[in-house]
Structures are given as structure tokens and as C-alpha cells.
Amino acid sequence: MNNRNRKLFTYAINFTILIFGMQMTMIGPLIEKMSQSFHLSVAQMGSFFTVSAAGFTVAIIFGGIISDRIGKKRVVIWSGFGFASALLLFSLSPSLLFSIILFFLAGGFGGVIEGTLSAMVADINPGNERRAVTFAHVFFGVGAIIGPALAGWLANTDFSWQSAYMVASLLAFIAVIWVIRFEYPAVKAEEKLEMKAFKSILSNRGFLLLCTAVALYVGVETTVWGWTPKYLSLDLGLNETFAGVMVSLLWAGITIGRFISAMLAEKLSNKVLVCGLCIISILGLLAQLSSALQPFAPVTFFLLGIGFSGIWPLIVSEAGTLFKSKYTGTAFGLAFAAGGIGGMTVPYIFGFVAEHVQMSILFATLTIPLIFIMIISFILDKAEEVEESAA
């Protein structure tokens with residue numbers, strides 16, 4: 001693949017990830033109108049978050065394995081059209097049960113798209129995997145900002161909430177058609193994933209540490225953006241509009257920080273970058289303990305976003321480095337699934353404990369997983385140095 005096609009292919013992948021980020025985050029502003037349509041309480045609408053995360057976690061494991069059996073491009077085509085079709089049918093569904101099933105499928109297909117495209121962007125940028133994967137997820141952050149803004153605008157107009165998913169479906173179809181225009185190498189017979197290779201991936205100590213770090217990070221990030229509105233509105237007595245703005249500032253920090261991290265990835269090691277970002281995140285979390293700093297919440301939450309920004313893509317990109325374009329579909333799929341598990345468990349535990357402990361204190365305890373991530377980044381960096389010296 002020549003340099004021009006590589007760049008165009010990378011742009012197509014980035015745009016597709018942007019659409020996934022948009023769809024994933026636009027449910028928030030629409031949830032009240034959706035609850036009225038389905039005759040559910042806002043609390044009961046939480047089931048849509050759960051089924052989407054469950055679909056993401058389950059499907060992405062199998063999607064990664066299948067991509068290394070039949071080829072990543074073929075998986076992207078099937079999952080891409082499945083994702084777009086699920087969104088379209090969801091916008092037209094008259095049944096609650098059918099809608100929940102479709103949202104499960106959208107989460108699953110979307111997860112497969114994100115995981116497989118992350119592996120592909122690493123594959124087509126050999127030697128520059130960290131920058132490529134990190135920059136691709138800048139676009140996820142852009143989508144995460146556009147999604148709630150678009151949905152919020154539609155929610156305050158005469159358009160129905162279904163129109164937001166129709167728009168997302170149309171853009172998803174366009175994105176997938178753009179991606180499949182580019183050539184991508186098929187899996188050679190001798191490179192197809194076998195059970196022996198699958199066991200080898202799961203027994204790789206560095207990869208297991210990578211998955212642990214991903215699970216810890218996603219658990220922390222999901223907890224922060226998921227529970228921040230309750231923390232600010234109920235615990236600190238701030239209005240809900242302000243709480244929503246803080247979540248937007250968090251995502252703005254994540255998006256800007258990922259762009260900066262992608263630039264720095266060419267000059268600094270993963271160890272230095274990840275540890276630096278973890279320290280910034282820790283400072284942002286500890287700031288929640290101080291009542292004197294509460295008036296500066298916009299600063300501290302933006303700081304948190306900057307800190308969170310590059311941790312996930314920098315760690316995940318190590319999967320491409322560990323396996324050098326071979327079985328990266330499976331490796332990225334398993335890493336993403338680990339993140340899904342962290343995203344489902346840590347926020348639940350946090351919410352359960354929050355009924356008995358002041359939430360600002362709990363935010364401070366989230367620094368512990370970040371410390372473990374720093375330790376893991378040192379171990380992974382050391383393992384990479386040993387591998388390079390042995391080569």
C-alpha cells in the first residue's frame with residue numbers, strides 16, 4: 001500500500017470510529033424522550049446502557065478471533081452493515097423488546113468495528129502503531145462530543161428522538177462504504193488463527209498485564225463520566241446543567257489530550273507518556289477531596305480529561321507491538337473486551353459503595369487503579385526492551 005492510500009485508508013477508519021463514538025454517547029440527552037416512548041422510568045432506561053455494554057464485550061471477543069480466521073476487512077464489512085442496519089431498525093422499532101435486542105446488536109457490532117479497525121490502523125502503520133491508534137481515538141472523542149450535541153439539539157426541536165438514530169445510521173452506512181473501498185491484505189492460509197496460537201496469546205504475560213491495565217483504566221474512566229453528574233448535583237448541590245457541562249469538559253479534555261498524546265508518541269516512550277498522564281489524572285481525582293477547589297471544578301474536570309486522554313489508546317496499541325500485525329484482530333478484541341468488563345464492574349461497585357461513603361472520597365480511591373497502571377506500563381516497557389535486544 002503506497003503512502004497516499006495508507007493516509008486515505010487511515011482517514012476512512014478514523015471517520016468510522018468517530019461515528020461509533022457519536023452513537024455511543026448520544027443516548028444521554030435523548031433518554032427522557034425515549035423513556036416516554038417506551039413508557040419506562042429514566043432509571044429503567046439504564047437497561048439500554050447495560051445491554052449495549054454486554055453486546056460490546058461479548059461480540060468483540062468473537063469478532064477479533066473471526067477476523068484472524070477469515071480476514072479483518074470481511075469482518076468490518078459484515079459488522080459495519082450490521083451496525084448501521086441495527087441503528088436504522090432501532091429508530092423504526094415499535095417494540096421495547098425488539099429495541100433492546102437491536103441496541104444489544106448495535107453495541108456488539110459497534111464494538112467489533114472499533115476493535116477491528118483499531119487493529120487495522122495499527123497494521124497499516126507499522127512502526128508507528130502508538131501514534132496511529134492514539135490519533136484514531138481522537139476521532140472517537142470528537143464523536144463523543146458531537147453525539148450529545150446533535151442529540152440535545154434534536155431533543156429540543158420538533159424532531160423525534162428516532163431521527164438522531166436515523167442520522168447515525170446513514171453516516172454509518174457512508175463510513176463503512178468508504179472503508180471497504182480500500183484494499184487490505186487477506187489472511188494467508190498459514191497465518192490463520194489456530195487454537196494453539198489463541199492459547200499462546202492468552203498465555204503471554206505481557207498481554208495479560210496489558211488487558212489488566214485496560215480493564216482498570218476503562219473502569220476508572222467510565223466511573224468518572226458516569227457518576228460525575230450525581231456527584232456534582234446531589235453531593236455538591238450544583239444544578240444538573242452545570243453537571244452536564246462538566247462531563248462535556250471532561251470529554252473535551254480527553255479529545256484534546258489524545259491529539260497531544262498522538263504527537264508526543266513519536267518522541268516519548270509509552271512508559272513516560274502513560275505515567276505522566278496517570279499522574280495528571282491522579283491530581284484531578286485528588287482535587288475532588290478539597291472543598292476549596294470545588295469552585296474550580298471546570299479546571300479539575302478538564303485536567304482529568306487531559307490525564308485520561310492517551311492512557312487507553314497507548315496501552316491498547318501495545319497489542320500491535322507485541323504481535324507485530326499477526327493475530328492483532330484477536331489481541332485487540334480481547335483487550336477491548338477486558339475494557340468492557342472493567343466498564344461494567346467498577347462503576348457498579350462504585351455506585352454500591354457510594355450509598356455508604358462520601359463520593360469525593362471514592363473518587364480519590366480511583367487513584368489506586370491508576371498507580372497499578374503505572375506499574376504495568378513500566379513492566380511492559382521493560383519486556384519490550386528485552387524483546388528488542390534479543391531480536
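In this predicted model, helix 1 and helix 7 cross in a left-handed manner. On the helix 1 side, the contact involves Leu-8, Phe-9, Tyr-11, Ala-12, Ile-13, Phe-15, Thr-16, Ile-19, Met-22 and Gln-23; helix 7 contributes Tyr-165, Ala-168, Leu-171, Ala-172, Ala-175, Trp-178 and Val-179. The angle between the two helices is about 160 degrees, which is over 145 degrees, so the pair counts as roughly antiparallel.

Helix 7 covers residues 162–180 and has 19 residues. From first to last C-alpha it reaches 27 Å, close to the expected 27 Å. Its buried residues include Tyr-165, Ala-168, Ala-172, Ala-175 and Val-179.

Helix 1 (residues 3–25) also packs against helix 5 (residues 96–123), and this crossing is likewise left-handed. The axes of helix 1 and helix 5 cross at roughly 150 degrees, so these helices too are roughly antiparallel. Among the residues of helix 1 that meet helix 5 are Phe-9, Thr-10, Ile-13, Thr-16 and Ile-17; their counterparts in helix 5 include Phe-103, Gly-110, Gly-111, Glu-114 and Leu-117.

The geometry of both pairs is set out below.

| Helix pair | Axis separation | Crossing angle |
|---|---|---|
| Helix 1 and helix 7 | 9 Å | about 160 degrees |
| Helix 1 and helix 5 | within 10 Å | roughly 150 degrees |

Elsewhere, Glu-318 belongs to helix 14 (residues 318–323). Is Glu-318 buried or exposed? Its relative accessible area is 6%, under the 20% limit, and Glu-318 is therefore buried. The side chain of Glu-318 forms a polar contact of 2.7 Å with that of Asn-270.

Note on methods
Residues numbered from 1 in each chain as written. Predicted model: local features only at pLDDT ≥ 70, side-chain atom pairs only at ≥ 80, totals over all residues. Heavy atoms only, no water. Helix = DSSP H or I, 4+ residues; strand = E, 2+ residues; numbered from the N terminus. Expected span 1.5 Å × (residues − 1). Buried < 20%, exposed > 50% of the residue type's maximum accessible area, 1.4 Å probe, protein only. Polar contact = N/O pair within 3.5 Å; in protein donor to acceptor, adjacent residues only side chain to side chain. Axes fitted to C-alpha atoms, helices over the stretch in contact; angles between N-to-C directions. Parallel < 35°, antiparallel > 145°, perpendicular 65-115°, else oblique. Left-handed = near helix turned anticlockwise from the far one by under 90°. Contact = heavy atoms within 4.5 Å.
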